[in-house]
Amino acid sequence: MDVEIVGRALSTLPEDDDHPYRTGPWRPQTTEWRADDLEVTGEIPADLEGVYLRNTENPVHPAISLYHPFDGDGMIHVVGFRDGKAFYRNRFVRTDGFAAEQEAGKALWAGIAERPALSLRADGWGARTRMKDASSTDIVVHAGQALSSFWQCGDLYRLDPLTLETIGKSPWAPDWGVSAHTKVDDRTGELLFFSYATEAPYLRYGVVGPDNRLKHLTDVPLPGPRLPHDMAFTENYAILNDFPLFWDPALIARGKYASRFHRDLPSRFGVVPRYGTEVRWFEADPTYVLHFANAYEDGDEIVIDGFHQGCPEPADPRGEGVYQRMFRFLALERMETRLHRWRLNLVTGQVKEERLSERFTEFGMINPNLGGQPYRYTYAATQRPGWFLFDGIVKHDLHTGSEERYALPEGVYGSETAMAPRPGATAEDDGYLVTLTTDMNADRSECLVFDAGRLTDGPIARVRLPERISSGTHATWAAGSALPGWHDGTSML
Ligand SMILES: [Fe+2]
């Protein structure tokens with residue numbers, strides 16, 4: 001392994017930090033690495049060509065009062081596979097907020113668990129305003145560049161997908177910013193996105209072309225401020241949502257932002273033609289969905305698969321500590337997240353819904369060639385009870401209803417697992433699954449590669465990273481063929 005330290009961030013976190021999401025598997029990194037020709041156990045498939053990118057939260061300063069893991073600064077990790085070898089890089093996203101706090105040597109903005117009025121700066125980002133845009137939630141690759149984003153709307157930061165150098169911000173982003181979970185349609189090269197705010201019309205939807213220019217932007221008016229986290233799309237439609245879990249308007253008026261689940265209100269799906277302005281709403285049973293797996297058209301129906309929450313607002317464990325209360329919203333088994341299907345009938349306006357699995361899973365990924373198309377498999381995560389830590393991978397077969405699970409060893413946690421289709425594959429699961437681990441037993445991290453058709457056989461290659469990484473949130477796969485200069489090596493680091 002050829003390793004070099006290329007950067008270090010200033011950290012003012014205490015040596016004896018005891019925050020549960022800044023220690024253990026969530027211990028942040030401050031070091032930026034370049035590592036080539038990584039040590040491999042097993043064999044990297046010769047036809048695995050491309051990059052796995054993962055976004056993680058890496059706080060470097062104590063919060064003003066109370067840290068939540070979604071506040072941490074975005075650090076992107078890339079593991080690239082080429083000619084049977086692997087390389088690794090990790091870099092902080094150079095957001096405006098990260099730069100300002102590095103200079104100040106302390107937190108300047110209040111986080112999700114704090115009131116905006118605590119911010120030392122009057123400016124900021126986010127639907128509720130006066131937050132730091134940490135760009136630490138999501139990562140996609142569009143038009144040859146990696147785009148990192150923030151869950152509560154911010155700038156879309158553009159990064160070189162190989163070096164992870166921050167290039168700048170997407171110039172087309174509207175003034176509300178852009179939410180995490182932009183959607184890339186690999187068939188058209190378009191990027192679909194949404195933005196939300198606490199001012200009318202509360203939600204907007206847009207399309208960016210493969211040329212990285214804004215192609216369409218329209219309002220999706222809502223009855224009030226909402227907290228959408230994801231959207232879905234089919235070949236011809238975008239599907240936005242209005243779920244009955246949102247900030248209490250009475251508290252917003254007092255400068256507090258606390259979400260409440262309204263069991264008396266329906267869930268609503270807003271269907272918009274991809275380049276249209278007319279929104280058609282469909283009502284379903286009340287729930288909240290953090291992430292959708294996929295959607296597609298089936299005759300008169302739009303089929304949407306996502307992770308239904310049986311209990312979007314878990315009971316407050318009164319008498320427990322502040323962390324237990326705060327982090328109940330991170331526990332899949334408390335929220336009862338299960339794969340679920342909604343069928344929206346475009347002729348009758350009716351909605352049919354059904355549970356697809358009894359198991360608590362979330363963070364489902366699919367073969368990226370099938371976004372918006374009929375598909376069969378979702379690769380999702382299981383969680384260590386009570387913790388935002390992934391302890392296994394489940395392959396849901398939506399044709400047969402069967403499931404396979406690979407359990408990570410106790411003390412080893414995975415990341416969102418991306419599917420890398422094999423070039424020239426005809427079967428949907430002909431390809432590889434890629435994930436990063438945080439191994440608390442061996443104090444190391446690895447990149448695991450599985451045969452997607454044989455998940456339960458375990459990894460076919462394990463690639464060792466130079467340092468144990470923090471756990472985090474979203475990830476993606478980009479084929480080398482989608483990256484400028486990959487084939488002729490001109491952008492190869
Ligand atoms: Fe997310």
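A residue counts as buried if 20 or more other C-beta atoms lie within 10 Å of its own, as exposed if 12 or fewer do, and as partly exposed in between, with C-beta atoms placed from the backbone. Keep that in mind for the tour. This is a predicted model, in which local features need pLDDT of at least 70 and side-chain atom pairs count only at pLDDT 80 or more, while totals for chains, interfaces and linings use all residues. Residues are numbered from 1 along each chain as its sequence is written.

**The whole chain**

Start with everything shown as a cartoon. You will find four helices and 35 strands; helices (H or I, at least four residues) and strands (E, at least two) are DSSP runs, numbered from the N terminus. The C-alpha trace spans about 60 × 55 × 45 Å along its principal axes. For 493 residues, a compact globule would have a radius of gyration near 23 Å, and the 21 Å of the protein chain agrees with that. This radius is taken over C-alpha atoms, and the globule rule is 2.2 Å times the number of residues to the power 0.38. Of the 493 residues, 51% count as buried.

**Stop 1: strand β26**

Select residues 377–383, which form β26. Seven of the seven are buried, so the strand is largely enclosed by the rest of the structure. Show the side chains: Tyr377, Tyr379, Ala381 and Gln383 point one way, Thr378, Ala380 and Thr382 point the other way, and all are buried. In a regular strand the side chains alternate between the two faces of the sheet.

Strands pair if DSSP finds at least two bridges between them. β25 (residues 362–365) pairs with β26 in the antiparallel sense over two bridges, and Glu362 stands opposite Ala381. β27 (residues 390–397) also pairs with β26 in the antiparallel sense, over seven bridges; here Thr382 has Gly392 as its bridge partner. In the hairpin of β26 and β27, six residues lie between the strands, and Gly386 takes a positive phi near 85°.

**Stop 2: an open sheet**

Next, color β21 to β24. These four strands form an open sheet in the order β21-β22-β23-β24, with antiparallel pairing. β21 and β24 (351–355) are the edge strands, each pairing on one side only. Zoom in on β23 (residues 337–345), which pairs with β24 over five bridges; Arg343 has Lys352 in β24 as its bridge partner.

**Stop 3: the largest core**

A nonpolar core is a set of buried Ala, Val, Leu, Ile, Met, Phe, Trp, Tyr and Cys residues joined through C-beta atoms within 7 Å. The largest one has 132 residues, and Ile239, Ile304 and Cys447 have the most contacts inside it. Strand β21 (residues 289–298) gives the largest share, six residues.

Center on Ile239. Two residues are in contact if their C-beta atoms, placed from the backbone, lie within 7 Å. Leaving aside neighbours within four places in sequence, the contacts of Ile239 include Phe233, Phe269, Val271, Ala295 and Ile304.

**Stop 4: helix α1**

Finish at residues 96–104, helix α1, where Gly97, Phe98 and Glu101 are buried. They cover an arc of only 100° around the axis, which puts them on the same side of α1; the arc is that of the directions from the helix axis to the C-beta atoms. These buried residues pack against β6 (85–92). Turn to the other side of α1 to see Ala99 and Glu103, which are exposed. Just after the helix, Gly105 takes a positive phi of about 75°.
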